[in-house]
Amino acid sequence: MDIIWLLLKASRLKVLGAIAAGLLSGGCSASLIALINDAITRNSPRSSIAPFVGLVLVALLASSLSQFLLIDLGQNSVYKLRLQLSQRIISAPLQQLEQLGPGQLLAVLTKDVQSISNIGFVVPRLCVNAAIIAGCLVYLGWLSSWALLAVIVFLVTAVAAVQLLINAAYRYIALARKELDCLFKIFRGITDGTKELKLNATRRTLFFEEDLHASASASRKYTKTAFKIGAIATSSGQLLFFVLIGLLLFVGNDIIPTLQPVLPAYILTITYIIGPIEAVIDALPNLATANVAIRKLEDIGLSLAEGAEMPTVVAPSIEPTWQTLQLQAITHRYQGETADTQFSVGPLNLRLQKGELTFIVGGNGSGKSTLAKLITGLYVPNSGQILLGAEPITDNNREWYRQQFSTVFSDFYLFERLVGETSQMLEAPVQTYLQKLNLETKVSVENGQLSTTALSQGQRKRLALLAAYLENRPIYLFDEWAADQDPVFRE
């Protein structure tokens, strides 16, 4: 199980401790059954009060300890997983993230991580129930080894049959998870395209009937099928135990002559472990969902890790008094899904002088935004090189190189937290900038946080300009910043 490996990677010591506590709890539970059987047989229940109370307390403490350890471990694992995956996404090349799309990334960060988080409450009970089952089987073996052999053969056959159903359910869960990526993409269409949908009834009808309905219907079908198969597996598991009891009760003596004296103890023990086994069977669909989520996370995480960029800023040997930024014969290729969507930009040659103002002008699709991402180091050139001063920009210093830029792209994201080189840089000029940008009545800043970002697009861009000024970087790049501004602010 992938969830078990996830826990083991987090802390083998805690997992082993939880297993040991679970086994102790299971052993005590099995001992309680043995004690009850013995008290009934000897007809002297009073003499068993002290060991009974002792076993109950030990079973309770051991079960609680096992669950506490696994809950703590499970939630710590999810915490680390969220941070690790977020770091990997941030460290991944921009073009790779653009190819994955926000829908798939959001599905991973929300649905998948939540599925793993939920299973953290299932695994502790699963381990305790498994320990109880193991302890009871040991007790059954002590009563009659031949009868235990017959029970194990029956259980293995039953579990194999149930597992076939669980495997079928797993396949449909995987299909439902795959469909979820498409659903998240459609949901973004609802949130980001509300105005367009309201203004065009035909588009709205097609969107709901052909896009949303088709994807939601497929997701519903796969999920319903998976849970229905899981329900059949659960019901079958419950009935199989009554079949086992019936076999022991009606034909057990014919097959195993020594079974008769211990038959009541066998029936009582098997009746007792029906509950833990049902709990294990009920947990299997949740485990399957968590395993699908973990594998999806690993697929995304591994693919992101393969091209991960250096997460820390490495100080290069570039002279602090550089005067030029040069692009020498750089090219960039877009890899589309089909041949007609693959195109390239370049070779490009450009020399920018420190202190000069340069306008990049061109029509739609001419490569302006691509050039901007190449200049800022967000895209890595397929060929050619970038020089800052006399030093070439490579993988070793690219992260440092990016820190030389402050940008406002056309599809910018406005963070509420302002960032400057020092706290004084946040306090002193903010109010001046707000007044100059005519935002002092709309926005206030307290402890480096903007009071609101719910403004018009032009006002949001002016706030983004303020944030860029506060960063105080050597190079500024603005992607059609003035497009949403009135003439005063455009000037």
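A: Let's start with Asn-129, which lies in helix α5; helices here are DSSP runs of H or I with at least four residues, strands are runs of E with at least two, and both are numbered from the N terminus. Please keep in mind that this is a predicted model, where local features need pLDDT of at least 70, side-chain atom pairs count only at pLDDT 80 or more, and totals for chains, interfaces and linings use all residues. Residues are numbered from 1 along each chain as its sequence is written, and side-chain values use heavy atoms, leaving out hydrogens and water.

Is Asn-129 buried or exposed? Its relative accessible area is 6%, so Asn-129 is buried; buried means under 20%, exposed over 50%, and partly exposed in between, using a 1.4 Å probe and protein chains only. If we set aside neighbours within four places in sequence, Asn-129 is in contact (heavy atoms within 4.5 Å) with Pro-276, Ala-279 and Val-280. Ser-63 is 66 residues from Asn-129 in sequence, and their C-alpha atoms are 9.4 Å apart in space.

Now let's follow α5 to the largest nonpolar core. A nonpolar core is a set of buried Ala, Val, Leu, Ile, Met, Phe, Trp, Tyr and Cys residues joined through side-chain atoms within 4.5 Å. This core has 29 residues, and those touching the most other members are Leu-140, Leu-143, Val-151, Leu-248, Tyr-266 and Ile-270. At least two residues each come from α2 (12–42), α5 (122–143), α6 (145–192), α8 (201–250) and α10 (263–306). Helix α10 gives the most, with nine residues. Beyond its neighbours within four places in sequence, Leu-140 is in contact with Leu-148, Tyr-266, Thr-269 and Ile-270. There is also a second, separate core of 20 residues, which includes Trp-322, Ile-330, Ile-393 and Trp-400.

Helix α10 also holds Leu-268. With 32% relative accessibility, Leu-268 counts as partly exposed. Together with Ile-36, Ile-40, Ile-49, Phe-52, Val-53, Val-56 and Leu-57, Leu-268 makes a nonpolar surface patch of about 650 Å². Patches are made of residues with over 30% relative accessible area and no salt bridge, with like charges joined within 9 Å and nonpolar side chains (Val, Leu, Ile, Met, Phe, Trp, Tyr) within 5 Å. A salt bridge is a side-chain nitrogen of Lys or Arg within 4 Å of a carboxyl oxygen of Asp or Glu. Two or more residues of the patch come from each of α2 and α3 (49–91), and α3 gives the most, with five.

Notes: Accessible areas come from the Shrake-Rupley method with a 1.4 Å probe; for residues, only the protein chains shown count as cover.
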